[in-house]
Amino acid sequence: MAFESKNPFFNNKSFTATSAPKNDEVHQATLIDYNQDMTLSGTINKTVILFLLLTASAIVVWWMAFNGMNPMLPTIGGAIVGLILVLIASFKPQYSPVLAPGYALFEGLFIGGVSAIFEARHPGIVIQAVGATFVTFAVCLGLYKFKIVKVTEQFKSVVVAATLAIATYYIISWLFSMFTSFEPVHYGNSMMSIGISVFVIVIAALNLFLDFDRMEKGVEQKMPKFMEWFAAMGLIITLVWLYIEFLRLLSKLNRK
């Protein structure tokens, strides 16, 4: 069984169901232009566009927070709408050219609000988290590009299993904390909590390798052009996850 990235986008049938038609389905009546295929440069360009949109909307909420306005409404609203757009795109990837920019804008509202909250508590933490995220991304991209880290089936299975374990732990902890007085271990700043955060960051970084691999495979399989937006959106989701985890880890270290 081939395991896929646990990124909400790459973990569905879209990267196979929307792949290029088989040889017996390709004919002059349906093949319009080879430029309609997914390309690596197109995916990179769209990732940059989404990142700029996310950054722009994050700056708006950041400005609101540090100018006396309450950023909670756009922060919570951005998180909810962003999640809804992710779910829709997961089932309807052909709408990604519209959904992906929308996701970036609304997720930016969430990121801006969360960043402002952490910055108010620990001045300077945001620039540290941003720097750590970019360095991690650059290192992972370099390791993948130069084939130092190869995405094998065993590699995928380990990362997928670890990601599922993290997701299960977070969901169970959240439910217990909502309905009981139980405080999950990762909420504090103990050595155990810090260790959990480091582990989660490592797994999030390893998911980047799976995302790079799926992008490369998408180009090789000549998937439709809209999958560039779909893949770009998926990579942004992983980077957002990585950034949030760095914020949490740095917050724990500052409290320590």
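Just after helix α7, K222 takes a positive phi of about 55 degrees. Welcome to a predicted model, where local features need pLDDT of at least 70, side-chain atom pairs count only at pLDDT 80 or more, and totals for chains, interfaces and linings use all residues. Residues are numbered from 1 along each chain as its sequence is written, and side-chain values use heavy atoms, with hydrogens and water left out.

**Helix α7**
- Helices here are DSSP runs (H or I, at least four residues), numbered from the N terminus.

**Aromatic pairs**
- Rings of Phe, Tyr and Trp (its six-membered ring) pair if their centres lie within 6.5 Å; planes under 30 degrees apart count as stacked, over 60 as edge-to-face and the rest as tilted.
- By this rule there are 6 aromatic pairs.
- One of them, Y144 with F212, is tilted, at 5.8 Å centre to centre and 50 degrees between the planes.
- Y144 lies in helix α5 (residues 125–145) and F212 in helix α7, so this pair ties together parts that are 68 residues apart in sequence.
- Y144 is buried at 9% relative accessible area, and F212 is buried at 7% (buried means under 20%, exposed over 50%, partly exposed in between; 1.4 Å probe, protein chains only).
- F137, Y144 and F212 form one aromatic cluster.

Notes. Helices (H or I, at least four residues) and strands (E, at least two) are DSSP runs, numbered from the N terminus.
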